[in-house]
Amino acid sequence: ESGHVKVFDNTPNSEGQINIDRSGTFTEILTDGSEVHKIVKNGYVIVMAGNHIHIMNNQDERCDHEYNLSIGGRWNVEVTGNINIKSDKGGLFVAVAGDANITAQGNINLQAGKDINLKAGGAINLDSETTNVKASGVIGIDGSQVYVNSGKAGSAASAIKPKQ
C-alpha cells in the first residue's frame with residue numbers, strides 16, 4: 001500500500017530481480033548479471049573489518065561536486081601504467097608536514113607557461129655531473145658571496161636520499 005515493490009522474474013531471457021522503495025531508491029539485478037543501485041538521498045557503507053574489492057575490468061567514478069578522501073594511516077598507490085592528474089579550472093596544491101621526495105628512473109621535467117619559482121628557508125643544492133643554464137635574456141646572480149670555480153660550492157651540497 002505504501003509503494004514498496006519486490007519483483008522476482010523467472011521469465012526465460014528476462015530473468016531478474018528488483019527491489020523498489022517508495023522513495024524511489026532501488027536495487028535491480030538484470031538478466032546479464034549486471035546490478036544497479038539508485039539511492040535518492042544519502043548512502044552509507046560501514047565495514048567493521050577489512051574490505052576488499054577486485055574489479056576485473058575498468059572502473060569509472062564521477063562526482064559532480066567535491067570528492068573528499070580521509071585516510072587514518074598510509075595511502076599506497078601502485079599503478080602499472082601512467083598516472084595522469086588534470087585540473088581544467090583550478091590549480092594543484094600539495095602540502096606535507098615532512099619531506100617531499102620525487103624519484104624517477106628517467107628524466108624529471110618541469111614546464112611552465114610562465115615562471116618557475118623556487119624558494120627555500122635554507123640552501124638550494126644542485127648536485128649533478130653537468131649543470132647547464134640557458135636563458136634568452138638576462139641571468140642574474142645576487143648573493144652576499146658568489147663563488148665560481150673556488151671548490152667551495154660543493155661544501156654546502158648534501159646528497160638527496162628519498163625516504164620510504
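## A turn residue and a tail residue

Asn149 sits in the segment after β4. Asn149 is not a glycine, yet its phi is positive, about 55°. At 82% relative accessibility, Asn149 counts as exposed; exposed means over 50% relative accessible area, buried under 20%, and partly exposed in between, with a 1.4 Å probe and protein chains only.

This is a predicted model, in which local features need pLDDT of at least 70, side-chain atom pairs count only at pLDDT 80 or more, and totals for chains, interfaces and linings use all residues. Residues are numbered from 1 along each chain as its sequence is written, and side-chain values use heavy atoms, with hydrogens and water left out.

Asn13 also has a positive phi, near 70°, and is a residue other than glycine. Asn13 lies in the loop between β1 and β2. With a relative accessible area of 70%, Asn13 is exposed. Its C-alpha atom is 6.9 Å from that of Thr31, although 18 residues separate Asn13 and Thr31 along the chain.

## Overall form

The chain has four strands and zero helices. Read from the N terminus, the order is β-β-β-β.

The radius of gyration of the chain is 28 Å, whereas a compact globule of 164 residues would have one near 15 Å. That radius is taken over C-alpha atoms, and the globule rule is 2.2 Å times the number of residues to the power 0.38. The C-alpha trace spans about 90 × 35 × 30 Å along its principal axes. Of the 164 residues in the chain, 1% are buried.

## The sheet

The four strands form an open sheet, ordered β1-β2-β3-β4, with antiparallel pairing. Its edge strands are β1 and β4 (35-38), and each pairs on one side only. From one strand to the next, the twist averages 5°. Here axes are lines fitted to C-alpha atoms, for helices over the stretch in contact, and angles run from 0 to 180 degrees between N-to-C directions. In a regular strand, side chains alternate between the two faces of the sheet.

Two strands count as paired if DSSP finds at least two bridges between them. Strand β1 (residues 5-9) and strand β2 (residues 16-20) run antiparallel and are joined by five bridges. They form a hairpin with six residues between them, and Asn13 is in the turn. β2 also pairs with strand β3 (residues 26-29), antiparallel, over four bridges.

Which residues flank Asn19 in the neighbouring strands? Lys6 stands opposite Asn19 of β2. In β3, the bridge partner of Asn19 is Thr27.

## Salt bridges

How many salt bridges does the structure hold? There are two. The criterion is a side-chain nitrogen of Lys or Arg within 4 Å of a carboxyl oxygen of Asp or Glu. Side chains of opposite charge can pair when their charged atoms come close.

Arg62 and Asp64 are both exposed. The other links Asp88 and Lys86, at 3.5 Å from N to O. Asp88 counts as exposed because its relative accessibility is 66%. Lys86 counts as exposed because its value is 71%.

## Nonpolar surface after the sheet

A nonpolar patch lies on the surface, with about 1300 Å² of accessible area together. Its members include Tyr67, Trp75, Ile83, Leu92 and Val96. Patches are made of residues with over 30% relative accessible area and no salt bridge; like charges are joined within 9 Å, and nonpolar side chains (Val, Leu, Ile, Met, Phe, Trp, Tyr) within 5 Å. Accessible areas come from the Shrake-Rupley method with a 1.4 Å probe, and for residues only the protein chains shown count as cover.

Ile83, one of the patch residues, is in the segment after β4. Its relative accessibility is 59%, so Ile83 counts as exposed. Val138 is also found in the segment after β4. Val138 is exposed, with a relative accessible area of 80%. The C-alpha atoms of Val138 and Leu110 are separated by 20 Å, and the two residues are 28 apart along the chain.

How values were computed:
Helices (H or I, at least four residues) and strands (E, at least two) are DSSP runs, numbered from the N terminus.
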